[in-house]
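This report looks at selected local features of the structure shown below, taking backbone, packing and charge pairing in turn.

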Amino acid sequence: MRRNLDLTALRSFVAVADTGGVTRAAGVLNLTQSAVSMQLKRLEDSLGTSLLDRGGRGVALTAEGEQLLGYARRILALNDEAVS
């Protein structure tokens, strides 16, 4: 069965990767920290893998997260291009 990726969740994921933390990403996205966390959890659940290593201060991408990041950037860029 094919699944669709949630663009909002992907945007949150990229923001977390770019800023290094959920709280900072929430500020950039003008969302609450809990909203960003929930989007990330939904994305991880839909893919069946962990994308972030939440140990210690901040977050780091897992190997799967690193792989998804490139795809996420391209998907969002295409989406933004199509919308504009």
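## An exposed loop residue

Asparagine 30 is exposed in this predicted model, because its relative accessible area of 71% lies above the 50% cut-off for that class. Asparagine 30 belongs to the loop between helix 2 and helix 3, and its phi is near 60°, a positive value in a residue other than glycine. Most residues other than glycine have a negative phi.

## The helices on either side of the loop

Helix 2 (residues 22–29) and helix 3 (residues 33–47) pack with their axes 8 Å apart and at an angle of about 105°, which means that helix 2 is roughly perpendicular to helix 3. On the helix 2 side, Val22, Thr23, Ala26 and Leu29 take part, and they meet Gln33, Val36, Ser37 and Leu40 in helix 3.

Glutamate 44, which is found in helix 3, counts as buried because its relative accessibility is 9%. Leaving aside residues up to four places away in sequence, glutamate 44 touches Thr49, Ser50, Leu51, Leu52 and Arg54.

Threonine 62 sits in the loop between strand 2 (60–61) and helix 4 (63–83), and at 17% relative accessibility threonine 62 also counts as buried. With residues up to four places away in sequence again set aside, the contacts of threonine 62 are Ser50, Leu51, Leu52 and Asp53.

## Salt bridges

A search of the whole structure finds five salt bridges, among them the one between aspartate 6 and arginine 42, whose closest N and O atoms are 3.5 Å apart. Aspartate 6 lies in the segment before helix 1 and arginine 42 in helix 3, so this pair ties together parts that are 36 residues apart in sequence. Aspartate 6 is partly exposed at 32% relative accessibility, and arginine 42 is partly exposed at 43%.

Aspartate 80 and arginine 11 meet through their side chains in another salt bridge, at 2.9 Å from N to O; this pair links helix 4, which holds aspartate 80, to helix 1, which holds arginine 11, across 69 residues. Arginine 73 and aspartate 18 likewise form a salt bridge, at 2.6 Å from N to O, and because arginine 73 lies in helix 4 and aspartate 18 in helix 1, the pair ties together parts that are 55 residues apart in sequence.

## A nonpolar surface patch

Leu5, Leu7, Leu47, Tyr71 and Ile75 form a nonpolar patch on the surface, and together they have about 360 Å² of accessible area. One of these residues, leucine 7, lies in helix 1 (residues 7–19) and counts as partly exposed, with a relative accessibility of 30%.

Key:
Residues are numbered from 1 along each chain as its sequence is written. This is a predicted model: local features need pLDDT of at least 70, side-chain atom pairs count only at pLDDT 80 or more; totals for chains, interfaces and linings use all residues. Side-chain values use heavy atoms; hydrogens and water are left out. Patches are made of residues with over 30% relative accessible area and no salt bridge: like charges are joined within 9 Å, nonpolar side chains (Val, Leu, Ile, Met, Phe, Trp, Tyr) within 5 Å. Accessible areas come from the Shrake-Rupley method with a 1.4 Å probe; for residues, only the protein chains shown count as cover. A salt bridge is a side-chain nitrogen of Lys or Arg within 4 Å of a carboxyl oxygen of Asp or Glu. Helices (H or I, at least four residues) and strands (E, at least two) are DSSP runs, numbered from the N terminus. Buried means under 20% relative accessible area, exposed over 50%, partly exposed in between (1.4 Å probe, protein chains only). Contact means heavy atoms within 4.5 Å. Axes are lines fitted to C-alpha atoms, for helices over the stretch in contact, and angles run from 0 to 180 degrees between N-to-C directions. Angles under 35 degrees count as roughly parallel, over 145 as roughly antiparallel, 65 to 115 as roughly perpendicular and the rest as oblique.
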